[in-house]
Amino acid sequence: MLLCSVAASAHDFEVGGVFYNVTSERYSEVEVTYKGSLYSEYSEYSGSVVIPEKVNYNGKTYSVTSIGE
C-alpha cells in the first residue's frame, strides 16, 4: 500500500479575519472554518467574532450556511 500526504489548506479563503470553505459552488454556499493547514495546527478565533449571512470573495457572493470544524 502506498501512503502519501498532501498538504492542503483548511480553508478556501479569508474575509475580514474569518475563514471559509466553499461547500457548494452551484448554490454559492460556504461554511466558517479554522485557519491552518491541518486541524492539529489550527488557530482559534478569540474575542467577539461576527459571522455574516453573506460574504463577498473574488466578485462572488456566498451565503454562509454553517460553522464547520
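**Overview of the predicted model.** Among contacts in the protein (heavy atoms within 4.5 Å) between residues at least 6 apart in sequence, 47% join residues at least 24 apart. This is a predicted model, in which local features need pLDDT of at least 70 and side-chain atom pairs count only at pLDDT 80 or more, while totals for chains, interfaces and linings use all residues. Residues are numbered from 1 along each chain as its sequence is written, and side-chain values use heavy atoms, with hydrogens and water left out. The protein has five strands and zero helices, where strands (E, at least two residues) and helices (H or I, at least four) are DSSP runs numbered from the N terminus, and the pattern read along the sequence is β-β-β-β-β. Of its 69 residues, 26% count as buried, a word that stands for under 20% relative accessible area, with exposed meaning over 50% and partly exposed lying in between (1.4 Å probe, protein chains only). The protein exposes about 5200 Å², of which carbon and sulfur atoms supply 51%; accessible areas come from the Shrake-Rupley method with a 1.4 Å probe, and for residues only the protein chains shown count as cover.

Strand S1 (residues 13–15) runs antiparallel to S2 and is joined to it by three bridges, and two strands are said to pair if DSSP finds at least two bridges between them. Within this pairing, Glu-14 stands opposite Phe-19 in S2, and in the hairpin of S1 and S2, which has two residues between the strands, Gly-16 takes a positive phi near 60°. S2 also pairs with S3, in the antiparallel sense and over five bridges, with Phe-19 standing opposite Thr-33 in S3. The hairpin of S2 and S3 has four residues between the strands, and there Ser-28 takes a positive phi near 55°. S2 is mostly covered, since five of its seven residues are buried.

**View of the largest nonpolar core.** The largest nonpolar core is made up of eight residues, namely Phe-13, Val-18, Tyr-20, Val-30, Val-32, Val-55, Tyr-62 and Val-64; such a core is a set of buried Ala, Val, Leu, Ile, Met, Phe, Trp, Tyr and Cys residues joined through side-chain atoms within 4.5 Å. Strand S2 (18–24), strand S3 (29–33) and strand S5 (60–67) are the elements that give two or more residues to this core. Not counting residues up to four places away in sequence, Val-18 touches Phe-13, Val-32, Tyr-45, Val-49 and Val-50.

**View of the hairpin of S4 and S5.** S4 and S5 pair over four bridges in the antiparallel sense, and the bridge partner of Tyr-57 in S5 is Lys-60. Asn-58 takes a positive phi near 50° in this hairpin, which has two residues between the strands. Tyr-57 lies in strand S4 and counts as partly exposed because its relative accessibility is 29%. Leaving aside neighbours within four places in sequence, Tyr-57 is in contact with Phe-13, Val-15 and Tyr-62. The C-alpha atoms of Tyr-57 and Val-15 are separated by 7.4 Å, although these residues are 42 apart along the chain.

**View of the salt bridge.** A search of the whole structure finds one salt bridge, defined as a side-chain nitrogen of Lys or Arg within 4 Å of a carboxyl oxygen of Asp or Glu. The side chains of Glu-25 and Lys-60 meet in a salt bridge with an N to O distance of 2.9 Å. This pair links distant parts of the chain, with Glu-25 in the loop between S2 and S3 and Lys-60 in strand S5, 35 residues apart. Glu-25 is partly exposed, with a relative accessible area of 47%, and Lys-60 also counts as partly exposed, at 27% relative accessibility.

**View of Glu-31 and Ser-66.** Glu-31 lies in strand S3. Glu-31 and Ser-66 are 35 residues apart in sequence, yet 4.7 Å apart in space from C-alpha to C-alpha. Besides Ser-66, Glu-31 touches Phe-19, Tyr-20, Asn-21, Thr-23 and Gly-68, not counting residues up to four places away in sequence.

**View of the nonpolar surface patch.** Tyr-45, Val-49, Ile-51 and Ile-67 make a nonpolar surface patch of about 340 Å². Patches are made of residues with over 30% relative accessible area and no salt bridge, with like charges joined within 9 Å and nonpolar side chains (Val, Leu, Ile, Met, Phe, Trp, Tyr) within 5 Å. Ile-51 lies in the loop between S3 and strand S4 (54–57), and Ile-51 counts as partly exposed because its relative accessibility is 37%.
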